[in-house]
Structure formats: structure tokens, C-alpha cells
Amino acid sequence: MIRLERRPTPSRVWAAASPLVAVALTMVAGGLMFAALGKDPFEAIRTIFWDPVFGEFAWYFRGQLLVKAAPLILIAVGLAMGFRAGIWNIGAEGQYIVGAICGAAAGLAFYPSESWLIFPLMVIAGALGGFLWAMIPALLKLRFGTNEILVSLMLVYVAENLLASAAVNWLRNPDAVGFPGSRNLGRWEAASNPELIAGTGAHWGVVAAVIAVIFAQIMMTRHLMGFQIRLAGAAPRAARFGGVNTARLVIFCLGLSGMLAGLAGLFEVAGPAGQISIDFASGYGFTAIIVAFLGRLNPLGIVAAGLLMALTYVGGEAAAANLGLPGAAISAFQGMLLFFLLAVDVLSNFRVRVGRGVVA
Amino acid sequence: MKLTTLLAGAMALGLSTPVLADAHDPVKVGFIYVGPIGDGGWTYQHDQGRLAVEAEYGDKVETVFQESVPEGADAERAITQMALGGADIIFTTSFGYGEATNAVAAKFPDVKFEHATGFMREYPNVSTYDARFYEGRAVTGTLAGYLTETNKIGYIGSFPIPEVIQGINASYLHAKKINPDVEMVVTWAYTWFDPAKEADAARAMIDQGVDVILQHTDSTAPQAAAQEANENGGRVFTFGQASDMAQFKPSPRVASIIDDWAPYYIERVGAVIDGTWEQQASWGGMPEGEVVIGEITDAVPAEAKAAAEEMIAAITAGEYHPFTGPINKQDGTPWLADGEVADDGTLAGMDFYVEGISGDIPN
């Protein structure tokens with residue numbers, strides 16, 4: 001008989017090793033699935049994990065990894081701080097959308113001006129939009145004791161409807177004969193978020209993600225706020241007795257994660273997406289939750305997790321297009337990664353014992 | 001800067017070699033799909049076109065496709081990936097890929113791009129193609145005029161764009177020719193494919209007394225909603241959209257407008273094989289075999305079926321244009337004089353209802 005025995009303290013070795021084990025298990029199980037679909041499993045795995053980084057067209061795909069990873073990392077870093085403190089912002093997708101709408105609207109209000117002030121203004125509007133959208137669950141929680149998980153999640157659907165009305169109505173490109181979608185910001189120099197160094201994929205969102213990671217790492221390890229966040233998460237009662245202001249913590253964690261999500265939305269709408277459209281929301285806000293946990297809620301871990309997640313997207317698309325794999329197989333493959341991570345995570349908190357043990 | 005670097009990279013890797021450099025290499029044909037092939041509508045029909053290309057040219061072609069590519073930031077990467085993968089011609093099969101298609105076309109001047117239902121041709125290697133769906137609408141509008149007893153026909157619009165407005169106008173004009181009292185009820189779904197929204201729109205119209213539903217969205221949900229109403233004693237008819245939707249035969253689905261892309265895809269891939277491909281804006285219809293009316297079932301009166309078949313024959317032979325005057329605009333101002341035929345430019349930018357349709361086009 002196999003039993004699980006709780007470890008007195010979580011295993012540091014397993015906590016660090018479990019993402020790697022999960023990736024390895026995903027490759028094995030995914031390979032079996034691809035083989036069952038009649039494709040060469042080694043070729044499929046190579047197409048997903050190797051080719052985008054080292055293959056013939058890596059010069060293009062490496063940049064695309066940054067494009068895909070930057071919003072995930074930017075959002076996940078903010079979310080991780082809240083998660084460490086036990087404050088659960090599940091609605092980053094909504095803050096991402098509202099940030100994009102506010103940023104794009106602030107810019108488009110001055111179309112077709114070529115002033116250099118427009119892009120900075122959009123950045124501020126995007127951050128503010130995400131921040132204010134996150135303040136709704138924060139203030140409701142503080143004033144009425146509502147659950148921030150439910151409120152922030154429900155606000156995603158409100159944000160999606162705002163997005164649809166912006167795309168077909170008040171931000172619609174007046175020159176587009178009825179077609180939904182705003183003007184293309186990428187074609188308007190003053191408002192665009194271009195590639196900063198040609199061929200690298202790096203746009204201002206990548207820069208912002210790097211700054212956010214450094215800032216978060218320093219705050220979590222060296223700053224009093226970081227200590228309070230960790231304390232509130234590990235021992236909420238002790239934190240309260242120790243003089244941690246819970247209300248301030250809720251405002252800080254939700255506000256910061258909302259702001260970063262809003263920024264991610266703004267950089268996306270002004271850069272890779274180019275315009276507010278009905279399909280603008282691409283699920284980054286939800287995927288970032290996975291990235292935050294995959295990265296162990298640690299800023300540096302999140303960088304690695306964001307890049308890995310981006311790799312499964314970019315490589316997965318390549319496999320879908322070049323090997324004729326159905327789109328659903330790629331989604332299943334990504335799902336396996338999370339499944340195995342959660343499964344292997346059990347090993348950091350529990351020890352596997354074989355044989356009969358004493359029931360505690 | 002970005003463009004030149006990418007170009008240099010592409011050339012260094014030998015991607016810019018002409019299509020016919022090696023006659024033994026199969027021509028690689030790529031397709032970007034907006035939905036899953038299994039949607040039974042829009043994407044399914046494009047994939048049928050892809051299979052027809054394979055059947056026609058055999059070893060001379062190799063086809064690749066990618067399903068469910070979102071019409072946002074990811075589209076450009078998906079198209080670039082296909083071009084890097086050595087595709088010689090890429091069909092991007094949804095309106096929302098317009099910007100991305102042109103952006104990628106700039107970086108790959110030797111790859112041909114064909115963008116469905118769009119209007120942007122910013123580089124010489126980009127063509128656009130569309131089908132005259134309004135020709136099919138004229139036929140289904142005629143049938144609707146015969147079928148309606150409540151004198152209310154409904155139209156589930158996707159987006160207020162010219163293609164959809166052409167469809168609404170063509171349906172209404174031809175229903176009215178048969179039944180002068182007919183009234184057109186338009187509901188905007190703001191989606192091409194969302195079964196829940198489409199079903200809601202259909203049910204709301206049925207509640208208002210609409211008994212013939214025409215749809216410009218791709219799911220079978222309105223058909224199912226009509227079937228449900230009929231099982232509860234209703235009398236509602238529908239038409240298949242994009243594909244035949246034959247599972248709802250013989251009623252509520254009494255006919256369908258099928259998009260047949262095979263002739264166009266075979267012609268354009270053939271042009272790449274021969275080296276004769278040139279930029280164009282194609283707008284084929286019934287004469288080219290791109291718009292096909294699916295089986296008209298016996299649920300419609302014989303007289304109606306005969307009238308519909310006569311119209312199909314006339315449009316296919318080029319003898320009849322669905323927008324032939326006299327037609328006034330909604331506000332009563334004359335649009336087409338007696339016997340005058342609408343020009344393609346006006347149709348492609350159509351942003352007005354014809355006289356008799358109430359309500360405004362959302363703006």
C-alpha cells in the first residue's frame with residue numbers, strides 16, 4: 001500500500017525540482033498522445049521545445065517568445081505578491097482589458113497628433129485603468145467584506161462587454177466602413193509600441209516586465225512591505241498582532257497587480273495586437289495565474305515559467321501548422337503541464353511511504 | 001529597420017528563392033482558419049476547398065493549415081510561421097486577418113497571400129477574394145416571401161458591414177416582390193460564431209412573431225431554436241448558412257447558401273504552379289460556382305421552389321442581377337433607376353438600407 005505522509009516542513013529540493021519533473025513527465029505523456037494521433041512523437045516534441053529556440057528560424061521565434069512571455073510575466077509578478085499574502089486577484093484578465101481600453105482611448109482622443117507625449121499618456125492611462133478596475137474588488141472587500149475572488153472574476157465578464165462595445169461602437173475606426181475594431185495604433189507612430197531593437201521582439205512591455213521583476217524581487221527580500229506580505233500569507237493572525245495594516249495590504253496587492261495587468265494590456269494593444277478588437281482579450285490574465293504558481297510565486301521563477309509557457313504556445317502553434325496536429329491536442333498538451341505540476345507538487349509537502357503505516 | 005532585418009534574414013536562409021526554382025518541389029499551400037474545421041460552417045467549407053486542391057493537383061501540392069487562429073496579435077505569428085515553413089501561397093480565411101496578412105506580405109515578397117472577404121491590398125503579393133453571397137440571399141429571400149404567414153421575416157446579422165447589409169437588402173427586396181406586406185426584423189449578434197447568442201437572437205425573433213429566419217452567423221444554433229419552436233407547435237423556417245446544415249432538413253431548414261471555395265482555390269493554386277499568379281480582387285458568385293444553393297426541400301410549396309430555381313438559373317446565366325432598379329434608399333431618395341444595375345463599388349461599400357426596411361444601421 002502506498003501512503004502519503006506529511007512532511008514537517010515542505011521539501012526545498014522537491015519545490016525546486018517539481019517544475020522540471022513536471023516538464024519531463026509532460027514530454028513523455030504528450031509524446032504518447034502525439035504517437036496515438038499518428039505523428040512522430042520525437043519530431044513533435046522537438047518542434048515544440050527545441051526548434052523555437054535553436055531551430056532554423058530561431059532568429060524569429062526567440063523574439064516571439066519575448067512578445068508572448070512579457071505580458072504573462074508582467075501580470076504574474078503582480079499576482080504573485082497578492083497570492084503570497086493570501087489576497088486572491090483572479091480577475092487580472094479584466095484589469096488587462098480595461099487597461100488596454102483606457103490606454104487606447106486616451107491615445108485615440110488625440111488622433112492624429114504626432115506629439116511625443118501621447119505614448120507616455122497612454123501608459124499612465126493604461127496603468128490607471130487596471131488599477132481602478134482592481135480597486136472595485138478591493139474596496140468592496142474592505143467596506144462590505146465581499147470575497148475578492150468572486151468579485152474580481154465577475155468583473156472580467158463586465159470588462160469583456162466593455163471591450164465589445166468599445167470595438168463596435170465608441171472606439172471604432174470611423175474609416176472602416178462598419179467593420180468593428182479601433183484604428184491600428186501600430187500604424188500611428190506617436191501611439192505605437194514598436195520593437196525597440198529590430199529582430200529581438202523586445203518592446204516596451206518587455207522592458208516593463210524586467211523592471212517589475214527586479215522591483216518585486218528587491219521588495220520581497222529587502223523591504224518591509226515584502227516582509228508584511230510574506231507574514232500575512234504565512235500567519236495572518238500573527239501579522240495582525242504584529243501591526244500589519246490588512247486594509248493597506250489589500251489595497252496595495254490588488255492595486256499593484258491591477259496596475260501591472262493594465263500596463264500589460266496597454267503594451268499589447270499598442271504593440272503586437274495593434275488595435276482594440278472584439279477578440280483582443282487573449283486569456284493572458286488567466287494564464288498568468290498558472291505562470292505565477294509554476295514560478296513558485298517567486299519573481300525570478302516567474303520569468304522562467306513565463307518563458308516556458310510562451311514556448312508551449314509558440315512551439316505548439318508551430319507543431320499545429322507544420323505537423324498537422326489538431327489545435328485541441330496542443331491545448332491538451334499545455335493542460336498536461338499543469339496537471340503534472342500539481343501532481344508532482346504533492347511531493348514537496350508529502351513523503352511517499354510504501355507499506356502499512358500507523359494511522360495518525 | 002525591422003523589415004530590412006527580417007528580409008536579410010529570410011534571404012540569408014534562401015527563403016526568397018523563386019517559387020519555380022525547383023520544378024520537382026511541390027507547391028506548398030497554407031490555410032489559416034478562424035475556427036475549428038468541425039464548426040460545420042465557415043471554416044469547414046474552407047477546409048473542403050483545401051481538400052479539393054489536394055484532389056486536383058495530387059503530388060504537385062502540399063497543403064498545411066492551422067485551426068482556431070485568433071484574429072488578434074497571434075495571427076501575424078501564425079502567418080509568418082507558415083511563410084517561414086516554406087509556403088508558396090497562403091490563404092487567410094477571415095476578415096480579421098487583414099492587417100496581419102499585409103504585415104507579413106511586406107516581409108515575404110515572394111510568397112503569395114490571399115485574404116478572404118477583405119479589402120486591404122497594400123503590397124503586390126496580396127490578393128483579396130470574396131463571394132457574392134447576396135446572390136444566394138436573393139433566392140432565400142424569394143422563398144421567405146412565399147413561406148411567411150405572419151409577414152415577419154428575421155435576419156440575424158453578424159456585424160453591420162457592407163457584406164451583411166447587402167444580404168439584408170437582397171433578402172428583403174426579393175421577399176417583398178412575392179409578399180408586399182413583408183416586414184424585416186434585424187437583430188445584431190456582433191459575432192460570427194457564438195451558438196448561445198445566435199440561439200437567443202433566434203428565440204427573441206420567434207417570440208416577436210417572426211416565422212422565417214435568415215442568418216448571417218455560422219452556427220446551427222438558430223436552426224435548433226427553430227426546430228425546438230416547431231416541436232412546440234410553432235411554424236418557423238430557416239436556411240443553412242455557409243454550409244448545407246443538412247441535419248435540419250427537411251424543416252426547419254428548407255434550403256441553404258453554401259460557400260464553395262474549391263473553384264477559386266484550385267484556380268489560384270494552379271496560377272502559382274504555372275507561375276502566372278497576379279494580384280487581383282476577386283468577387284465570384286453563382287456563375288463561378290462559388291455560391292451554391294443547397295437542396296430546396298419539399299417543405300416549401302412547389303410554386304415557390306419553381307420561382308427559386310428560375311432565379312438561380314437567371315443569376316447563374318448572368319441574366320439577372322439581384323440589385324436591379326427601380327430601388328430607393330431607406331429615406332426615399334432614388335438609388336437605382338428602372339432597369340439600372342448596382343455597380344460593384346457601391347455594393348462593396350454598402351452602408352444603407354433600401355426603402356421599406358425600418359430601423360437604423362448601428363454606427
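Analyst: Helices here are DSSP runs of H or I with at least four residues, strands are runs of E with at least two, and the numbering starts at the N terminus. The model is predicted, so local features need pLDDT of at least 70 and side-chain atom pairs count only at pLDDT 80 or more, while totals for chains, interfaces and linings use all residues. Residues are numbered from 1 along each chain as its sequence is written, with chains lettered from A and ligands numbered from 1 in the order in which they are written.

The part I'd zoom in on is helix H5 of chain A, residues 118–144. Its 27 residues should span 39 Å at 1.5 Å a residue, and the end C-alpha atoms sit 38 Å apart, so the two values agree.

For comparison, look at H2 of chain A, residues 41–54. This helix has 14 residues and reaches 18 Å from first C-alpha to last, close to the expected 20 Å. H2(A) bends by about 45 degrees at Thr47(A). Thr47(A) is one of the buried residues of H2(A), along with Ala44(A), Ile48(A) and Pro52(A). (Buried means 20 or more other C-beta atoms within 10 Å of a residue's own, exposed means 12 or fewer, and partly exposed is in between, with C-beta atoms placed from the backbone.) The cover over those buried residues includes H1 (12–36), H3 and H12 of chain A.

H12(A) turns up again at the contact between the chains. Chain A puts 31 residues into that contact and chain B 33, where contact means C-beta atoms, placed from the backbone, within 7 Å. On the chain A side, H3 (58–85), H6 (148–170) and H12 (299–323) each supply at least two residues, and H12(A) gives the most, with five. By class, that side of chain A has 16 nonpolar, 10 polar and five charged residues. (Nonpolar is Ala, Val, Leu, Ile, Met, Phe, Trp, Tyr, Cys and Pro; charged is Asp, Glu, Lys and Arg; the others, Gly among them, are polar.)

In the loop between H11 (284–294) and H12 of chain A you'll find Arg296(A). Its phi is near 60 degrees, a positive value in a residue other than glycine. Most residues other than glycine have a negative phi, and most peptide bonds are trans. With 19 other C-beta atoms within 10 Å, Arg296(A) is partly exposed.

Zooming out, chain A has 13 helices and two strands. Its radius of gyration is 22 Å, close to the 21 Å that the globule rule gives for 360 residues, so chain A is as compact as a globular protein of that length. (The radius is taken over C-alpha atoms, and the rule is 2.2 Å times the number of residues to the power 0.38.) Of those 360 residues, 48% count as buried.

Chain B comes to 11 helices and 14 strands. Of its 363 residues, 53% count as buried. The domain assignment, which is automatic or taken from a database, gives chain B domain 1 (2–131) and domain 2 (136–259 + 293–348).

A cis peptide bond joins Ser251(B) and Pro252(B), with omega about 10 degrees; Pro252(B) lies in the loop between S9 (237–242) and S10 (253–259) of chain B. The bond from Gly325(B) to Pro326(B) is cis as well, with omega near 5 degrees, and Pro326(B) is in the loop between H10 and S13 (327–328) of chain B.

Note on methods
Contact = placed C-beta atoms within 7 Å. Expected span 1.5 Å × (residues − 1). Bend = angle between axes of the 7 residues up to and from the residue.
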